[in-house]
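Thank you for sending this one over for a second pair of eyes. Please keep the sequence and the structure open beside this note while you read.

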Amino acid sequence: PSPAEVNVASSTQKPKMLSLLSWNVMFDRYSGKPTPLGMPGIDWCSLKRYPVLAKLIKECDADVVGMQEVEPQFWEYLAALPWVRQNYYFSCNVNGPAVNPWGVLMMVHRRVPVSQITHHNIPAWSGHLNLMPVVSVDMAHGPVNVAAMHLLAPYTKGHENARVGQDNALKQRMLKTIAGDCITMGDFNDWPTNEFSMEPNSNYTDAWTHLYPKDLGKTMDETNTFAKLKIEELFFGRADKV
């Protein structure tokens, strides 16, 4: 069967722990074009990056993988790999709105007992479609929801304003729509002066800050050559969060 055609309730052993991987794999849509704030365009080398991305994902062997900016071409590339077909199923099919023209794809390991996979829209404006896959995992201590998302990059004043509504939409899903324990991971597209955060009484906590309170944990900065060439310095920081 293809990764999108597998019965999700394929495992019965309930795990005590989950390993998660969140990764913005970078779509090819703006390859070679200047950035919105005027940085010169570079070749994003997407086809050359596919095998490297797949190799690292395989080595991580995560229970749940959440990838942002997945295009149908990368969906098809992953789906054709024998190790993916053997070990994972996908949160959506290649023709659906979740990854067309791009979006968030979740890969769930077959060893993980799953009750359902759903999608929630996290819009930045009226009519905006931004689907967030959520997988419900049956763990030893009870069900846990794992969500993978991607928020709008606030590189214009209009996007900054739109992010206010999108941040509220995500908080609404996390607090009221998704029932029970939830882990939300993804590219929050934060900028250091205005980071996404949940209210202290929400029972959500930033995993990195909790574990490493003295480490900024930057996921985008000048130490990443690719990010240095295509990401404006004002966005350097820990955009990726759990």
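The numbered points below take up selected residues, cores, a helix and salt bridges in turn.

1. Before anything else, please keep in mind that this is a predicted model, and that the distances and accessibilities in the points below are computed from it.

2. I would begin with Arg-49, which has its place in helix α1, the stretch of residues 46-60. Arg-49 is buried and yet has no salt bridge, since Asp-28, the nearest side chain of opposite charge, is 5.7 Å away, and a salt bridge needs a side-chain nitrogen within 4 Å of a carboxyl oxygen.

3. Which backbone oxygen lies 2.7 Å from a polar atom of the side chain of Arg-49? That oxygen belongs to Val-25, and the backbone oxygen of Met-26 lies 2.9 Å from a polar atom of the Arg-49 side chain. If neighbours within four places in sequence are left aside, the contacts of Arg-49 are Val-25, Met-26, Phe-27, Trp-44 and Phe-226.

4. The largest nonpolar core deserves a slow look, as it holds 26 residues, of which Met-67, Trp-75, Leu-78, Leu-105 and Met-107 touch the most other members. The elements giving two or more residues to this core are α1, β2 (64-70), α2 (72-79), α3 (82-87), β3 (88-90) and β4 (103-109).

5. Not counting residues up to four places away in sequence, Met-67 touches Trp-23, Val-25, Ile-57, Phe-74, Leu-78, Gly-103, Val-104, Leu-105 and Met-107.

6. Gln-86 and Asp-138 are 52 residues apart along the chain, and their C-alpha atoms are separated by 21 Å.

7. Still on helix α4, its buried residues are His-159, Ala-162, Arg-163, Gln-166, Asp-167, Ala-169, Leu-170, Lys-171 and Met-174. When you look down the helix, remember that an α-helix has 3.6 residues a turn, so residues three or four places apart point the same way. Among the elements that cover the buried residues of α4 are β6 (131-139), β7 (142-150) and β8 (181-187).

8. How many salt bridges does a search of the whole structure find? The search finds 9, and one of them joins Arg-111 to Asp-61, with the closest N and O atoms 3.3 Å apart. Arg-111 lies in the loop between β4 and β5 (114-121) and Asp-61 in the loop between α1 and β2, so this pair ties together parts that are 50 residues apart in sequence. Arg-111 counts as partly exposed because its relative accessibility is 34%, and Asp-61, with a relative accessible area of 36%, is partly exposed.

9. Arg-111 also meets the side chain of Asp-63 in a salt bridge, at 2.7 Å from N to O. Asp-63 lies in the loop between α1 and β2, while Arg-111 is in the loop between β4 and β5, so the pair ties together parts that are 48 residues apart in sequence. Asp-63 counts as buried because its relative accessibility is 9%.

10. A further salt bridge is formed by Glu-199 and Lys-171, the closest N and O atoms being 3.5 Å apart. This pair links distant parts of the chain, with Glu-199 in the loop between β8 and α5 (207-211) and Lys-171 in helix α4, 28 residues apart. At 35% relative accessibility Glu-199 counts as partly exposed, whereas Lys-171, at 17%, counts as buried. Please also examine Arg-163, Asp-167, Asp-190, Glu-195 and Lys-241, which are linked in a network of salt bridges.

11. Lastly, Arg-110 has its place in the loop between β4 and β5, and it counts as buried because its relative accessibility is 19%. The side chain of Arg-110 reaches the backbone oxygen of Arg-85 at 2.7 Å.

Terms used
Residues are numbered from 1 along each chain as its sequence is written. This is a predicted model: local features need pLDDT of at least 70, side-chain atom pairs count only at pLDDT 80 or more; totals for chains, interfaces and linings use all residues. Side-chain values use heavy atoms; hydrogens and water are left out. Helices (H or I, at least four residues) and strands (E, at least two) are DSSP runs, numbered from the N terminus. Buried means under 20% relative accessible area, exposed over 50%, partly exposed in between (1.4 Å probe, protein chains only). Lys and Arg count as positive and Asp and Glu as negative; His and the chain ends are not counted. A polar contact is a pair of N or O atoms within 3.5 Å; within protein, one must be able to donate a hydrogen and the other to accept it, and residues adjacent in sequence count only if both atoms are side-chain atoms. Contact means heavy atoms within 4.5 Å. A nonpolar core is a set of buried Ala, Val, Leu, Ile, Met, Phe, Trp, Tyr and Cys residues joined through side-chain atoms within 4.5 Å.
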